[in-house]
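Subject: Structure handover, helix packing

Hello,

Please read them with the coordinates open.

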Amino acid sequence: MSNSTVPRSRAEAATTEADTRAEAPAGGRPEAKRSGRLSLRLRFRRDRTLILMTLPAVLLVLVFNYVPILGNVVAFQEYDPYVSENGFVAMLESPWVGIEQFERIFADSAFWDAVQNTLVLFSLQLVLFFPIPIVLALLINSVIRPRIRAVSQAILYLPHFFSWVLVITVFQQIFGGAGIIAQTLRRHGYEGFDLMTDPGIFKFLVTAEGVWKDAGWGVIVFLAALASVSPDLYEAAAMDGAGRWRRMWHVTLPALRPVIALLLVLRVGDALTVGFEQILLQRDAVGPGAAEVLDTYVWWNGVRNQDFSYAAAAGLIKGLVSVALVLAANKVAHFMGEQGVYKK
């Protein structure tokens, strides 16, 4: 009796000790395993290779994106860059004026015109431009032949590599006063037109240029999201009697919903940036009344007129409003059950 009990108790003790060892981490702390969190030292040892790989990129972001934020101090000064050859010394020696620059901005009617043009352009681009890559991605994804899909995707993505100078030149050759369409109409006895200098349709023209240039980039993003959808879901929906449109509505679009929410949040945060180079190249053709946006307004006052403090104040207002829009849009995404830019 005792001989059979002793081995059994030793086996049970060994099993219990092995289970305890398996539950405890290398440091002998079972509570760390139960909490599911590692110490900072252990995480650094585990991820030190990845950290070293990303360190140069982090330094570049700090130097070129975050350190220049300190220059926003000139928005509260009457900054004079000619006080000293050293820009930092010039900031220290420039007189402080408090919120005087902001008062000038809010009293300037040209600033509010630029805000209005910016919001109108953003609304048009959000309504007309944002859904187009989604529709194109769904159409390309429904094509069965891989060769046709690859060629279609390459054709759509090619204009993304064109500069804005080339894009506007192409539109000028098509829709300008001396363009192909206007010349064809004149040869057949009709009156020509020049859409490139018409302030009334300038906002639609800018949106069309953006669609032609950057829709292919959005198509790639949504196609990558569609590639992660399991074919079993389509097969199950087909077995339940769902047609092509039903499968697209109940399988494809729900799979794209997190990506759509993320890009929509980022697009709302970028609402006050509607294309500086694109609009600046066409500003003189249609006039500042139709083409002046916040970016060109800041450039015109800061670079052309050399009113650096005034332009810095306008840029600071734009940055703060953009941050507020990102936070608000992300809250809406959380309310709709999506992750957004960051989790709750």
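A crossing is called left-handed if the near helix is turned anticlockwise from the far one by less than a right angle, and right-handed if clockwise. Helices are DSSP runs (H or I, at least four residues), numbered from the N terminus.

This is a predicted model, in which local features need pLDDT of at least 70 and side-chain atom pairs count only at pLDDT 80 or more, while totals for chains, interfaces and linings use all residues. Residues are numbered from 1 along each chain as its sequence is written, and side-chain values use heavy atoms, with hydrogens and water left out.

By that convention, α7 and α8 cross in a right-handed sense. Helix α7 spans residues 131–142 and helix α8 residues 146–157; their axes come within 9 Å and cross at roughly 160°. Axes are lines fitted to C-alpha atoms over the stretch in contact, with angles from 0 to 180 degrees between N-to-C directions. The two are therefore roughly antiparallel (over 145 degrees). Leu-136, Ile-140 and Asn-141 of α7 meet Arg-149, Ser-152, Gln-153 and Leu-156 of α8, contact meaning heavy atoms within 4.5 Å.

The second pair is helix α9 (residues 164–175) and helix α14 (residues 276–286), with axes 9 Å apart at an angle of about 50°. On α9 the contact uses Trp-164, Val-165 and Ile-168, and on α14 Glu-277, Gln-278, Leu-281 and Gln-282.

Regards

Definitions and conventions
Parallel < 35°, antiparallel > 145°, perpendicular 65-115°, else oblique.
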